[in-house]
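Colleague: I have a few questions about how you label things in this model. Could we go through them one by one?

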Amino acid sequence: MGRGRNGNNKGRTQRKHFKEGRENVWKRSKPSNEEDDVTKGPHWEPFITQNLAFEDYYKEQGIVPEHEWDTFMAFLRKPLPAAFRINASSQFCSDIRSQLENDFAISLQGEVSFDGDEVEPIRPLPWYPHNLAWHSNFSRKQIRKNQTLERFHEFLKLENEIGNITRQEAVSMIPPLFLDVKPDHFVLDMCAAPGSKTFQLLEIIYQSTKTGSLPNGMIIANDLDVQRCNLLIHQTKRMCTANLIVTNHEAQHFPYCRPIKTKFNSTSIIETKPEASISQLAFDRVLCDVPCSGDGTLRKAPDIWRKWNSGNGNGLHSLQIQIAMRGLALLKDGGRMVYSTCAMNPVEDEAVVAEILRRCKGSVELVDVSSELPQLVRRPGLKKWKVRDKGEWLGSYKDVRKLRRNGILPSMFPSGRDFADQTENGGDDKMDEPTEVESECKDLDEEVSDLPLERCMRIVPHDQNCGAFFIAVLQKNSALPAIEEKTPSVKVIENSKIDEPREELSNQVIEDVNGSDIKLTNGADEQVSNAASEIDLVANDPTVPCLQLEENNSEEITAPDEKKADTEKVGGKRKLQTQGKWKGVDPVVFFKDETVINSIKTFYGIDDNFPFEGHLITRNAETNHVKRIYYISDSVKDALELNLQAGQQLKIASVGIKMFERQTAKEGAAAPCLFRISSEGLPLLLPHITKQILFATIADFKHLLQYKTIKFPDFVDPEFGEKASNLMLGCCVVVLKEETNDLSDPVKVDFPLDIAIGCWKGRASLCVLVNAIDCQELLERLVFRLEPKKDSEKNGDNNIVSDLEPKKDSEKNGDNIIASDEVLEVNGVEETKDKENIEVETN
């Protein structure tokens, strides 16, 4: 027993019993200054840019000719130059391109040199259409640290945050161009995060679309990792699009979303739900930019030098094949898929493409795109390569040791042949590790692929001063043979029999949903593929009736404890949201409250040409108190309806464009309309608004951007102030019109020629509902577009600074309130005096 105070008359040991403090054995003593100077060394050391295993591996693979090797390695050790792309669908696309050509290309001249020779500081990439992509000869670090590049750096940061440009590696821009996307295409980006390629695809489908309308196409951007999905949403949010769905799935198990039907009894099945507009999710284009070892990004991620080993690529090979095969299964006949990696390893590149072609048996073709983008310098794919495992070079699968055949697959080799059970030849039965002499000097019978792999493309760094990349363009000419080979008998199968393999697959998906590396053995790969093929077979066969899970069947895979969690509050705040079978995900609900919809249409005078029915959704199951209303395109609407009929197989992280937001402040609740227009949805809605709209002169428009809040009598144009005061209390739209236009023009807006912002009409003033960054960018665009050309070219910096100075003063004074889409404030003299009554809502 432990002794207390009564034990042996001894009290509890206390700190006062120690004359000297006890030694802290966990705390290291600080070295003296002399020791510090000798042992500590510098606080930061540059990354080591060499790896002998890396050099030996790629020399042996023949990635580049021997006489180019030194140049190749020298470029890999240099920092990657910055590159960026202008948003082709941006309202200010031509202005930004002109500013780059006529301002920065001249003002930055002489700031960069190589070997004493001055070179162009920035230049358009010659292979990218319409001079929309630009290459900078400055690294990202130089742009951040160099004082002389400060204005250029601020320009890039501002325009990137607004969405007018996207900072993206040059080689990363190539795969979407080879997809040949059209505005009416359904496109799947299988591994989309961080989202720069998705943004590029959105630009392409919007490029030829008239402003105020939406393209017929749609993009589904998918990623496995939830946090990377958030990054993807943040990146694509700058596009302000209603044609995008962001999903959170394993790419190799991305759902087909076929509509399901209701079981009538155990022997027959009848349909009770209306047919969806589309029968299943099938795509015209698929971008398959798979997870890879990433050694093509050494120039921007130098920490890869110390981490690299050949096993990284070997471990990802099987997963890459699974993702690519799923992409082809989701592709329509005649559709195009681009397979790409940022790795130089042929096991991740040509070996995967060769295995795809072998499995598809002529139904998929490797397309020759050598005539497309002729100014892009590229090299043909390899037809022969070797595999390295545990320090040993392998030329064929027959060279693989028996104990290593679970990790080294036949598909990794050029021929793809399986030499199973040949243990009597060439040391296959050896159990020990190879000696150094065996590893380096053994003559191998190298295999050569008989497939047209030279049609693949390799981008190497020293050809165009960029990163390394691999691209293959595949076209699906007919259905995949795996579906055609098996012909099951035509009979009705009970739900329980077909649901079992699907449930087993779903359980495997759930285990890896947090993004852990998946390394399946060959046997496991075959089991997954076979199970998936059986399910796809039954679902694709038109002679087999479609089967329906009962409405509550999706809950069968949920543990009882999880069901209880649905009804309990999470952290005492709110109930756990549910999106179909996906727990903890906000639901997607079609918004059909006619009272709210009619009040919005009446207040803003939205004409009947703008489609509302079936195009409004919310992310809140409680439709009585909706905070935000999102708008979706026709194509997204069809996909969501299909998803509902398919039992909500898609786990949707984000969808649609925020169009309306509820007024939560005191005065906002008193306004005739409870919802204000979001600045994200304003460009789409503007051509259809006939009420609550004002047309401002350049002077008044600039003053609104600078001062944020202006009283009605203080406008330069008194007529404008009077019209503003006569508007109903609530949200309104202020449109900038050219000085040549008459303010009494009919209320029909041609948005491509106009700039518009959302404002709040208070009792005594007008306040801007635009955040500070958007205001700053609009001011700079006005200076560039509206000031005399000579002055803007010579003194553009001074003009911009002088325009922004009043804004800085107003921010210091604290008298004016900035209202944005994330933060709603009510404006006017009376309201600003009592800030405690203003309710602030943050997204």
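Colleague: Why does phenylalanine 54 count as buried?

Modeller: First, note that this is a predicted model. Phenylalanine 54 has a relative accessibility of 1%. Buried means under 20%. So phenylalanine 54 counts as buried.

Colleague: What about tryptophan 305, buried or exposed?

Modeller: Tryptophan 305 is at 1% relative accessibility, so it counts as buried.

Colleague: What makes the rings of phenylalanine 54 and tryptophan 305 a pair, and what kind of pair is it?

Modeller: Ring centres must lie within 6.5 Å. Here the centres are 5.3 Å apart. Planes over 60 degrees apart count as edge-to-face. These planes stand at 65°, so the pair is edge-to-face.

Colleague: Which parts does that pair tie together?

Modeller: Phenylalanine 54 lies in helix α2 and tryptophan 305 in helix α10, so the pair ties together parts that are 251 residues apart in sequence. Ring pairs also link both residues with Tyr57, Tyr58, Trp308 and Trp393 into a cluster. A search of the whole structure finds 20 aromatic pairs.

Colleague: Why is the pair of tryptophan 69 and phenylalanine 72 called tilted?

Modeller: Under 30 degrees would be stacked, and over 60 edge-to-face. The planes are at 45°, so this pair is tilted. Its ring centres are 5.4 Å apart. Both residues lie in helix α3, three residues apart, about one turn of the helix.

Colleague: How do you know that the charged end of lysine 332 sits over the ring of phenylalanine 186?

Modeller: The distance limit is 6 Å from the ring centre. The charged end of lysine 332 is 5.6 Å from the centre of that ring. Arginine 405 lies over the face of tyrosine 397, at 5.1 Å from the ring centre.

Colleague: Why is lysine 197 called buried?

Modeller: Its relative accessible area is 10%. The cut-off is under 20%, so lysine 197 is buried. Lysine 197 lies in helix α8.

Colleague: What joins the side chains of lysine 197 and serine 172?

Modeller: A polar contact of 3.0 Å joins them. The limit for such a contact is 3.5 Å. Lysine 197 is also in contact with other residues, including Asp189, Asp289 and Phe469.

Colleague: How many residues does the largest nonpolar core have?

Modeller: It has 87 residues. Leu100, Phe152, Phe178, Val734 and Leu766 have the most contacts inside it. Its largest share, six residues, comes from helix α8. A second, separate core of 86 residues includes Phe254, Trp308, Ile321 and Val636.

Definitions and conventions
Residues are numbered from 1 along each chain as its sequence is written. This is a predicted model: local features need pLDDT of at least 70, side-chain atom pairs count only at pLDDT 80 or more; totals for chains, interfaces and linings use all residues. Side-chain values use heavy atoms; hydrogens and water are left out. A nonpolar core is a set of buried Ala, Val, Leu, Ile, Met, Phe, Trp, Tyr and Cys residues joined through side-chain atoms within 4.5 Å. Buried means under 20% relative accessible area, exposed over 50%, partly exposed in between (1.4 Å probe, protein chains only). Helices (H or I, at least four residues) and strands (E, at least two) are DSSP runs, numbered from the N terminus. Rings of Phe, Tyr and Trp (its six-membered ring) pair if their centres lie within 6.5 Å; planes under 30 degrees apart count as stacked, over 60 as edge-to-face and the rest as tilted. A charge sits over a ring if NZ of Lys or CZ of Arg is within 6 Å of the ring centre and within 35 degrees of the ring normal. A polar contact is a pair of N or O atoms within 3.5 Å; within protein, one must be able to donate a hydrogen and the other to accept it, and residues adjacent in sequence count only if both atoms are side-chain atoms. Contact means heavy atoms within 4.5 Å. Lists of a residue's contacts leave out its neighbours within four places in sequence.
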